[in-house]
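User: I am new to this structure and would like to examine it through a series of questions. Please present it first.

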Amino acid sequence: MDSLFSLKDKVVVITGAGGLLGRKHAEAVASRGGIPVLLDVNLSSVTSLSKDISERFGIESNGFQVDITKENEVEKNCSEVLKIYGKIDALVNNAANNPKIEESSTKNFSRLENFSTEVWMSDLAVGLTGAYLCSKYYGFAISKNQNGGSILNISSDLGLIAPDQRLYRKKGVPDDLQPVKPVTYSVVKAGIIGLTRYLATYWADKNVRCNAICPGGVENQQNPEFLKEIATRIPLGRMAQADEYQGLVIFLLSDSSSYINGSIIAADGGRTVW
Ligand SMILES: NC(=O)c1ccc[n+]([C@@H]2O[C@H](COP(=O)([O-])OP(=O)(O)OC[C@H]3O[C@@H](n4cnc5c(N)ncnc54)[C@H](O)[C@@H]3O)[C@@H](O)[C@H]2O)c1
C-alpha cells in the first residue's frame, strides 16, 4: 500500500509554491519522496520553502523566480528544470491572484459595474494564461516520458457554484457600495475546469492524466462574523485547514489514481451539495 501513494524521485513542478496552499502541496510531495520544483513570482518565498523542505524531509528541492504570465520565462525555466533533473513527472497549476479590491468612500471596485479591466486582465493572465503556458511547456515535457505523468489543476468550490455575495456584505453600507467576490474569481476557476477536460484527453495516449480539485475556502484569520456565516453554508460546519488538501494532492499525483483522468473533485466540506 505504501508504494501505491509513493512519489519517490518524481519531479513535480508547482506554481505559486510560495503561497498558503502551494507550500502545503510542496510539503505533501516531499513527504512521499517526491522532488517539488518551487515556482513563484516572489523568489524569497520559494527560497525559504526550499530550505525548510530540505531540513524537514531531507529532499533537495529548488526554488525559481518565474512569472508564469510570461512565456519566455516559462520556456526558459522548463529547459533549466529539464537540464537539472532530466525529466518532469507532474505539474500542479496552483498559482492564481487573490483578486485585490480597492475601496473608497464613493465606489467599491469589487463590484462588476466598477471593476477595473486592468485587474480583469491581470487575474486572467495569472489564473488562466499562466496555467495554459505551464501546461504547454511542463505538460509537453511530461508527455515525453515513457510512462506519462499527472497534471493537477487547482480550481475552487467557486468554479462549481456562484459566490454567495451575502457572505461579503458589510453592515450599514448602502447596496451600491457593498463589496462582492470579484467576477474574475468565478471566471478563472470555471476556466480551469475547461482546461482540465481539454488536457485530460489531449495527451491521454501518452498516459498524461489531468484532474482538478475544487477546494473550499481555507480558514485564514477571516473575521468571526464571516466564519460564522460561511459555516452555515457548509455541511461540515467549518472552513478547511490549509493542510486538508494534502491527501488528495498525493493521491492525484501518484499511481494510486492511475485510472482517474478528467475528474473534477470537490473538496469543500460538502458546500456544493447544498
Ligand atoms: N486559500 C483558499 O481559501 C483557496 C480556496 C479555494 C481555492 N484556492 C486556490 O488555491 C490556489 C492557491 O491559493 P492560495 O490561497 O495559496 O493563494 P496565495 O495568494 O497564498 O498564493 C498564490 C501564490 O501565487 C503566486 N503568484 C501570483 N502571481 C504569479 C505569477 N504571475 N507567477 C508565479 N507565481 C505567481 C503568489 O506570489 C503566491 O505565492 C489558488 O489557485 C486559489 O484560487 C484557494
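User: Which helices each supply at least two residues of the shell around the ligand?

Analyst: This is a predicted model, in which local features need pLDDT of at least 70, side-chain atom pairs count only at pLDDT 80 or more, and totals for chains, interfaces and linings use all residues. Residues are numbered from 1 along each chain as its sequence is written, and side-chain values use heavy atoms, with hydrogens and water left out. Helices (H or I, at least four residues) and strands (E, at least two) are DSSP runs, numbered from the N terminus. The helices that each supply at least two shell residues are H1 (20-31) and H5 (183-202).

User: How many residues surround the ligand, and which are the closest?

Analyst: A residue is near a molecule if one of its heavy atoms lies within 4 Å of it. The number of residues that surround the ligand is 24, and the closest are Leu21, Asp40, Asn94, Lys189 and Val218.

User: How do the residues of the shell divide into nonpolar, polar and charged?

Analyst: Ala, Val, Leu, Ile, Met, Phe, Trp, Tyr, Cys and Pro count as nonpolar, Asp, Glu, Lys and Arg as charged, and the others, Gly among them, as polar. On that basis the shell around the ligand divides into twelve nonpolar, nine polar and three charged residues.

User: What distance separates an oxygen atom of the ligand from a polar backbone atom of Leu21?

Analyst: A polar contact is a pair of N or O atoms within 3.5 Å; within protein, one must be able to donate a hydrogen and the other to accept it, and residues adjacent in sequence count only if both atoms are side-chain atoms. A backbone N or O atom of Leu20 lies 2.9 Å from a ligand oxygen, and for a polar backbone atom of Val218 the distance to a ligand oxygen is 2.8 Å. For Leu21, the distance is 2.7 Å.

User: What kind of aromatic pair do Tyr198 and Tyr202 form?

Analyst: Rings of Phe, Tyr and Trp (its six-membered ring) pair if their centres lie within 6.5 Å; planes under 30 degrees apart count as stacked, over 60 as edge-to-face and the rest as tilted. By this rule there are three aromatic pairs. Both Tyr198 and Tyr202 belong to helix H5, four residues apart, about one turn of the helix. With 5.6 Å centre to centre and 15° between the planes, their pair is stacked.

User: Are Tyr198 and Trp203 buried or exposed?

Analyst: Buried means under 20% relative accessible area, exposed over 50%, and partly exposed in between (1.4 Å probe, protein chains only). Tyr198 has a relative accessible area of 52%, so Tyr198 is exposed. Trp203 has 10% relative accessibility and therefore counts as buried.

User: Why is the pair of Tyr202 and Trp203 edge-to-face?

Analyst: Tyr202 counts as partly exposed at 46% relative accessibility. Tyr198, Tyr202 and Trp203 form one aromatic cluster. The ring centres of Tyr202 and Trp203 are 5.1 Å apart and their planes stand at 75°, so the pair is edge-to-face.

User: The charged end of which residue sits over the ring of Tyr185?

Analyst: A charge sits over a ring if NZ of Lys or CZ of Arg is within 6 Å of the ring centre and within 35 degrees of the ring normal. Over the ring of Tyr185, 4.5 Å from its centre, sits the charged end of Lys181.

User: What is the phi of Asn207?

Analyst: Asn207 is found in the loop between H5 and strand E6 (208-215). Asn207 is partly exposed, at 42% relative accessible area. Although Asn207 is a residue other than glycine, its phi is positive, near 60°.

User: What distance separates the C-alpha atoms of Trp120 and Pro182?

Analyst: Trp120 has its place in helix H4 (residues 117-143) and counts as partly exposed at 29% relative accessibility. Trp120 and Pro182 are 62 residues apart along the chain, and the separation of their C-alpha atoms is 9.1 Å.
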